[in-house]
Amino acid sequence: MKEVHQLEIIQSNPQQYSQIHSQYNQSLFTHHHWIESISNENTEPIYWLIKKDGEIVAKIAGLSVQGSWLRGKELYFYS
């Protein structure tokens, strides 16, 4: 029988995202300063933490970009 795990995606903020940043592989494109620097009035920074059975196992950051009226919002992730 396969194990069942509970995954949870939690919206985070730049400060919380940065606190756990050193626990993962790092690059310029995963740092909150870079995400904030490329955001503008048509975008919204996104910071998500992914938990597995209550423990943070991953993080993801990117932008929500306002697309056309036909396509709606688009998500771009960098980590």
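**Reading a predicted fold: confidence, core and surface**

Student: Where is confidence lowest and where highest among the elements of the protein chain?

Tutor: This is a predicted model. Among the elements, helix 1 (residues 14-19) has the lowest mean pLDDT, 85. Strand 1 (residues 7-11) has the highest, 94. For the protein chain the mean is 84, and 89% of its residues reach 70 or more.

Student: Why does that matter for reading coordinates?

Tutor: Where pLDDT is low, the predicted coordinates should not be read in detail.

Student: What pattern does the protein chain follow along the sequence?

Tutor: The order is β-α-α-β-β-β. That comes to two helices and four strands. Of the contacts with a separation of 6 or more, 46% join residues 24 or more positions apart.

Student: Which residues form the largest nonpolar core?

Tutor: The general idea comes first. In soluble globular proteins, nonpolar side chains tend to be buried together. Here the largest nonpolar core has seven residues: Tyr17, Trp34, Ile35, Tyr47, Ala61, Leu63 and Val65. Helix 2 (32-38) and strand 3 (55-66) are the elements that give two or more residues to this core. Strand 3 gives the most, with three.

Student: What does Tyr47 touch beyond four places in sequence?

Tutor: Its list includes the core residues Tyr17, Ile35 and Ala61. Tyr47 also touches Ile10, Gln11, Ser12, Asn13 and Pro14. His32, Glu36 and Ile60 complete the set.

Student: Is Glu74 buried or exposed?

Tutor: Glu74 lies in strand 4 (residues 73-77). The cut-off for buried is under 20% relative accessible area. Glu74 has 18%, so Glu74 is buried. Leaving aside neighbours within four places in sequence, Glu74 is in contact with Leu63, Ser64 and Val65. Leu63 and Val65 belong to the largest nonpolar core.

Student: How far apart are the C-alpha atoms of Glu74 and Thr43?

Tutor: They are separated by 9.5 Å, with the two residues 31 apart along the chain.

Student: Which residues make the nonpolar surface patch of about 250 Å²?

Tutor: Ile38, Tyr76 and Tyr78 make it. Ile38 is found in helix 2.

Technical notes: Residues numbered from 1 in each chain as written. Predicted model: local features only at pLDDT ≥ 70, side-chain atom pairs only at ≥ 80, totals over all residues. Heavy atoms only, no water. Core = buried A, V, L, I, M, F, W, Y, C linked by side-chain atoms within 4.5 Å. Buried < 20%, exposed > 50% of the residue type's maximum accessible area, 1.4 Å probe, protein only. Contact = heavy atoms within 4.5 Å. pLDDT = per-residue confidence, 0-100. Patch = residues over 30% accessible without salt bridge, like charges linked within 9 Å, V, L, I, M, F, W, Y side chains within 5 Å. Areas by Shrake-Rupley, 256 points an atom, 1.4 Å probe, with all protein chains shown as cover. Salt bridge = Lys/Arg side-chain N within 4 Å of Asp/Glu carboxyl O.
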